[in-house]
Amino acid sequence: MGTSAARKAPVGRLWRNAKSFASRFAAGQEASAPRVGEVVARYIAALRESSGTQERGQGEPIMADVTRTAGHLSGFYRDWEQSGWETALARQGVNLSARPTLPEIIPALLDRLAGAGARLGEAVARAALIEHFRGFFGAEGNSHQTGVTAGVRCPEPTAGIRSFLGLAIYRKIISDLGEPLEFQAATIQRGIERQEVIRSYILGHIQALGSESEKASPFSDEEAGELLELILTRLGSRHEC
């Protein structure tokens, strides 16, 4: 998901700064190469600067498609916990009569929870959801023999929402900084490794939030936005670099 002319990445001084730090981080050849926390923090600064004109539109919060998806995912978890896997799927409009496999179920969930992916924000949310689902479906998610009644267990809802938001932040960074991260690395493998370092850094900070972000599910869109803001503030702090 590198940058392209088909969409608008963040612009301005802070965006140029973020791209420069990502390029130096990917290359890693200088003694003063940025640390991963610096790359993430400078990206978040650029995102905040650009969000007023690019993402918030008519007063929408930052990464609005992601927070809406988090609200929908929270409701899905609530139904799953209270009424079971099949009932939760049915309430999302999944047709269970044909006993669908997980590879058939997941695309339907992506459409219902995140939207069709027509906007960049929806595409980011869908990519994060795919990775999120893969985390607890595991190998079963790739098995065409896995039926709807497989022993999938609902993740702890608050931790699940935190994880999804962390993955969405990572996917947003890759969407906007993918080009310098890929093309400034000495090899393809080096570029992949640098991206994985960013992913691990973000998810590590998510886990460290602990009780600061605990609440009873489900999350409203507004509450998901508040949690996202807490995460961005932590990741954006220069003291965390």
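# Helix packing around α7 and α8: worked exercises

R162, S163, G166, L167, I169, Y170, I173, I174, L181 and E182 in α7 meet G191, Q195, I198, R199, I202, L203, I206 and L209 in α8, where contact means heavy atoms within 4.5 Å. By class, that makes 11 nonpolar, four polar and three charged residues (Ala, Val, Leu, Ile, Met, Phe, Trp, Tyr, Cys and Pro count as nonpolar, Asp, Glu, Lys and Arg as charged, the others, Gly among them, as polar).

This is a predicted model, with local features needing pLDDT of at least 70, side-chain atom pairs counting only at pLDDT 80 or more, and totals for chains, interfaces and linings using all residues. Numbering starts from 1 along each chain as its sequence is written, and side-chain values use heavy atoms, leaving out hydrogens and water.

**Exercise 1. Work out how α7 and α8 are arranged.**

Step 1: Helices here are DSSP runs (H or I, at least four residues), numbered from the N terminus. Helix α7 covers residues 157–183.

Step 2: Get the angle and the distance. The two axes lie 10 Å apart, at about 155 degrees (axes are lines fitted to C-alpha atoms over the stretch in contact, with angles from 0 to 180 degrees between N-to-C directions).

Step 3: Classify. Under 35 degrees is roughly parallel, over 145 roughly antiparallel, 65 to 115 roughly perpendicular, and the rest oblique. So α7 and α8 are roughly antiparallel.

**Exercise 2. Which residues touch the most other members of the largest nonpolar core?**

Step 1: Define the core: buried Ala, Val, Leu, Ile, Met, Phe, Trp, Tyr and Cys residues joined through side-chain atoms within 4.5 Å, with buried meaning under 20% relative accessible area (1.4 Å probe, protein chains only).

Step 2: Among its 65 residues, the answer is F76, I198 and I202. The largest share, 11 residues, comes from α7.

Step 3: Zoom in on I198. Beyond neighbours within four places in sequence, I198 contacts F25, V36, V39, V40, Y170, I173 and L181.

Terms used
Helix = DSSP H or I, 4+ residues; strand = E, 2+ residues; numbered from the N terminus. Buried < 20%, exposed > 50% of the residue type's maximum accessible area, 1.4 Å probe, protein only.
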